[in-house]
There are 4 protein chains.
Amino acid sequence: MKLNRKIRYGMVGGGPGAFIGEVHRKAAALDGKIELIGGAFSSDPQKSAEMGKQLNLDNNRVYDSYQQMAQMEAELPEEQRIDFVSVVTPNHLHFDVCKTFIEAGINVVCDKPMTNTVENAEELCRLVKEHDVIFALTHNYTGYPMVKEARQMVQDGKLGKLRKIVVEYPQGWLSEPLEEEGAKQAVWRTDPARAGVSSVVADIGSHAENLVEYITGLRLKELYADIHTFVDDRALEDDANMLVHYQDGVRGILYASQISIGEENDFNIRIYGDKAALEWHQETPNTLNIKYPDKPEEIYKRGNPYLSEAANKASRIPPGHPEGFIEAFANIYSNVSEAVADRLRGEEIDISSYDFPTVQDGAVGVHFIHKAIESGKERKWVDMQYAPPS
Amino acid sequence: MKLNRKIRYGMVGGGPGAFIGEVHRKAAALDGKIELIGGAFSSDPQKSAEMGKQLNLDNNRVYDSYQQMAQMEAELPEEQRIDFVSVVTPNHLHFDVCKTFIEAGINVVCDKPMTNTVENAEELCRLVKEHDVIFALTHNYTGYPMVKEARQMVQDGKLGKLRKIVVEYPQGWLSEPLEEEGAKQAVWRTDPARAGVSSVVADIGSHAENLVEYITGLRLKELYADIHTFVDDRALEDDANMLVHYQDGVRGILYASQISIGEENDFNIRIYGDKAALEWHQETPNTLNIKYPDKPEEIYKRGNPYLSEAANKASRIPPGHPEGFIEAFANIYSNVSEAVADRLRGEEIDISSYDFPTVQDGAVGVHFIHKAIESGKERKWVDMQYAPPS
Amino acid sequence: MKLNRKIRYGMVGGGPGAFIGEVHRKAAALDGKIELIGGAFSSDPQKSAEMGKQLNLDNNRVYDSYQQMAQMEAELPEEQRIDFVSVVTPNHLHFDVCKTFIEAGINVVCDKPMTNTVENAEELCRLVKEHDVIFALTHNYTGYPMVKEARQMVQDGKLGKLRKIVVEYPQGWLSEPLEEEGAKQAVWRTDPARAGVSSVVADIGSHAENLVEYITGLRLKELYADIHTFVDDRALEDDANMLVHYQDGVRGILYASQISIGEENDFNIRIYGDKAALEWHQETPNTLNIKYPDKPEEIYKRGNPYLSEAANKASRIPPGHPEGFIEAFANIYSNVSEAVADRLRGEEIDISSYDFPTVQDGAVGVHFIHKAIESGKERKWVDMQYAPPS
Amino acid sequence: MKLNRKIRYGMVGGGPGAFIGEVHRKAAALDGKIELIGGAFSSDPQKSAEMGKQLNLDNNRVYDSYQQMAQMEAELPEEQRIDFVSVVTPNHLHFDVCKTFIEAGINVVCDKPMTNTVENAEELCRLVKEHDVIFALTHNYTGYPMVKEARQMVQDGKLGKLRKIVVEYPQGWLSEPLEEEGAKQAVWRTDPARAGVSSVVADIGSHAENLVEYITGLRLKELYADIHTFVDDRALEDDANMLVHYQDGVRGILYASQISIGEENDFNIRIYGDKAALEWHQETPNTLNIKYPDKPEEIYKRGNPYLSEAANKASRIPPGHPEGFIEAFANIYSNVSEAVADRLRGEEIDISSYDFPTVQDGAVGVHFIHKAIESGKERKWVDMQYAPPS
């Protein structure tokens, strides 16, 4: 039996003025296979309704609260209800929202970082297992085709035995105290009550940690972080430089910054093995450079037949026609939806075969954030060995 | 009265295995405001039905032929019928399909080049006027935000009086006789019966011509083309180098090539004025470089507040998060849909205010193609002054 | 017998304020093997003396005129006299100066373009043969190691059968009428009495023509030039766009411009074969890119063992330590000096084995300049087949 | 009184097969104002003599040992003797050689790092003062014009209050155990007896430290280093990652690596202030990028009138004609020679006005190397506050 319809989803968060909710919606819409059919777009019922109208949704599926949404959707017959929920609220609400939907038996796609505490993250791991739902975290940068190519290359041994990894995530948008001027994105990210223990490590450092693990399969062993707040009166750190030791003797540097003035979203990674090195930059994501000790540097380009199946499966259009951030993001949605559809068709599914970040990846990320902040505060190496509940 | 629903469209062409149809569908879907509800996806009714099923469409709206589709859609009440049709067939069918829908009073979005003859192009101009429909041509490269910024800069006089324009469109994919191996895209593009008088000039040279006119507002005055076929037994040209003279004493070079081996889609333009110059490359579309005689070169980047309203209106996500080809393409759909929605709401609309290529642009393109080939064949300058029926 | 001393040379031109003379002196000095020992640096004896003093030269070897210099140097015993003369006067004086030294039996290094008329160029060819002197022209761009690598690649068939060549030489420095403000470099280059029939084609177009021939070995067959003067009241052309046909069915575009505002010295070349393509940019001369239809683009980098002997012989320092314009220029001097030293040691020498531009290359260049201007004026294809006296 | 002659120097080290000696000679020769007249090129008298012959030097000025050279040169009348000595031996010999020449009253140009111990470095500081000689260290990367522009920008406050500095120096040439194959450059750099306590920090980390101080004027306050040896059986470290704290609350990352496979000499720096940021890459040294929070990124290019006097004084040829490593190196020689000439003319000179690295800079560098290694070994922050004897 084939699933003769689009995958249907609802959204929590992403109301008027929100940024990331709109990105999720475009990413989900891109391939014409996933349909938004409802949501609780704001904790303010009126704003939620307004958003629903703006999105041309059926009024009956626009809810006053996420609790109401979870309850009512769960009560609908399977042929009507949402196939998954997309959680795009501020970070501090992720846990409660996810818990509610998981307990209602509804699959979840959640923005990162997953939760504000390690305990909550581990609780979600257990809940996902208990209720047997599909859970995906939108570490969207792993959706880029050339990141998938990089991963394949490492797996194939093209770089040889890995030695050193330099992963950088400099942004400059918080160089000024935007939170004092009330800029929405800045306010919640620098507010401990909502962002948790960390601003820059949580917001983007966690992407850097995840990208390394995604490409190399390596977990951190220990870490030394130099954490700092450059902007006066800011309550959370805005710059973090880390010495990192991975498994298998691999070492490197990981840094994330929101005060690297003039940088936009210059996430990049260099990985050095004993045979070759790779370099990838998120701002020019369609190319991947490989450097050798004894032959010319190579520029691999998205969409070409010489790339791996993993990369080309994640690609939509021919070489030379640039793909971007939304396309990469859409790959997370596409892969989750494939898993959801397979299960709806009654298939036995193996989550690890679908290539999207899981609830365990989320827990690893939350653990990373807390340990990095701890290292910075105590000026000491911290042990990073950790296994989330599986 | 607001239009409380998505814009609905149908598609002609874009059946199984087609490339550009899928791009159109993704571009239309991206913003969640346009909905595909039917189509005649192939001249083979079975293939059309198969595609409809694959796209999860209502079977009643999937047609055996475009003629049937035009007739039946036109008979539906306005609240049910498609708001426009998207024509993505091979070029030689554009004319008949467009004519049929226009005469049925249905708005049209058509792929380029618009028709295979100037006569047909002019006929479409007249029909569009007569039946008062909205008609858009997908010169999608004009949808890039930084192209719109370039246009604004020229309009604002930032470059001063223009002098020289170099526009290049090198591709390498036809370096081998792919048509002999039956590669679908290669076969029809090199077949005079379907592609018309030209391969490379029609396929990509016309984008180059259009981009110059879009950014500068300048029309060609005269042209000298050196046209050549490098691959043995190919029936149409695969390389074209042109000396071009525009209005107002502007001169330059325009070239398009399918045998520039190793090039993917390296469409690029440099415009030199007497105050400054600009340079833009399609393969890295999020930046636009401006060069001055007496101060540092500047790199303008998509999404920044310092850009023009025209550029930022065409932008979806923050700086540093790359947008690509599909996003640019989606801007054509978005702008057409705005015009369609405004008219559906009963507003008086001025097509020139919506920023999408029109039927007249299409006629200029077809005229350009024929004159370029004529110049190449006769080894002479050709007069390019031309005004399509308006 | 080894030559147990440095090669000695004198200079004509290059007095106070001259630009290119100083570059020649640095290029000659770089390797510590060539010594400047005298000169006639200006037609004004006082300025010549002043320059000699500034350069710490022996006053006896600083002359009032080039005629005096040629005569007196020729009369010195071989163990004292200059081994060659470097001619760096304005173009219109090249012929007389070169002729004088050749007739005195003294080897010559001459700046380009060689002469202002084809007749003069051919006369020099004959004189060089008659007096059996070594004559080199400083088409310095051929001195870059990665240009030599490009040449080797073409010879080795790495690109396959050549098809298309695009060579561009845009500069912007004459966007303003600098000659009206008395800027020395601008004044003589735009003055027909001194520059001859051409400004931009002579000054830099000739480098473009020469680079193509150096790398590919191809001579022009026919050419169509669109020549224009953008700056009011300028007496010579400042922009030239050409359609070019080479031997063996190779085609392309050659352009040179002095009004490409904001461009500095962006000389670059792309060569497309039926197997691969190469691309080189003078402003980043240490890399050479190779593009393939079916594998990643490669970046070849100066100084690496994987390069050809031709490239590495022209290289001075390890990879990653950039070499520049002066180093390339020095390679011309170095190669000429090798020929001079070999002859001084009494060896039989074969000029073609030393890799520097010859008097015949100079004549080809002058012929090119005149035919390009002729084509532009008469708006017609010109036959470029030409063999200078050998 | 003007100095009516070239500056004369002798060299210690730089015999047959040496790399850096040849670079020094080319750098000194480039401008035609400095003349090599003698040397002790090897500890093996025969090799020294051979090198002297190869360099066409007067046999009387080619010595069997540096001790002999220092003594005999010092005894020559000022009008004959060398004006300075250039010390390009392996590092462990720098101290003895420099000491000998300083005590003989001869000015010194010394390669870096200056000595293998802090004690020796401080002893040189005292000796330079006592004997009142000119002493320069060839931290050659500070000779690049765009580095000087960067320095000027920081001084002028263009970046605002500095916050973060990321300086990277990745090389890959020691990814393999070249020292086991007897590669000369690798052997001594990884041998503690000759290289001292450090390989990569001494060889290139010290350049990174110096570049930061040169551009920003900031000294290190404290440092935490993660030091590692990746290649089996190598006696010294080949990778070093450091967290660095400078004066005035500036923080950052400094890393140096010889196992970053595929990297050639990718020395680069990014400096972030609260107004703007700068970025410079040694492999493309003719440009300097400036990034702002609210306007387009700028590319400053060498040789332009809009640059500072400091940058343009260090520049030789027009914009767009690339300068490289040797030209930068030559600027050190040129500035030292100016100081030497001024003193020879009897002028009172102020060393700090000549823009070359001094003996104190050398001591700071040696101190940096030792403290970085100490931090790495003891896994602790080290206090970097230090003032060399002045």
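Which residue of E3(C) is the bridge partner of C:Gly13? The partner is C:Val88. This is a predicted model, in which local features need pLDDT of at least 70 and side-chain atom pairs count only at pLDDT 80 or more, while totals for chains, interfaces and linings use all residues. Residues are numbered from 1 along each chain as its sequence is written, chains are lettered from A and ligands numbered from 1 in the order in which they are written, and side-chain values use heavy atoms, without hydrogens or water.

Start with the sheet in chain C. Five strands form an open sheet in the order E2-E1-E3-E4-E5, with parallel pairing. Strands (E, at least two residues) and helices (H or I, at least four) are DSSP runs, numbered from the N terminus. Two strands pair if DSSP finds at least two bridges between them. Strands E2 (34–40) and E5 (135–137) of chain C each have a single partner strand, so one side of each lacks a neighbour in the sheet. From one strand to the next, the twist averages 25°. Angles run from 0 to 180 degrees between N-to-C directions, with axes as lines fitted to C-alpha atoms, for helices over the stretch in contact. Contact means heavy atoms within 4.5 Å.

Strand E1 (residues 7–13) of chain C pairs with E3 (residues 84–88) of chain C over 5 bridges, in the parallel sense.

Now the helices. H3 (residues 66–75) of chain C lies across E1, E2 and E3 of chain C, at about 160° to E1(C). H4 (residues 91–103) of chain C lies across E1, E3, E4 (107–110) and E5 of chain C, at about 160° to E4(C).
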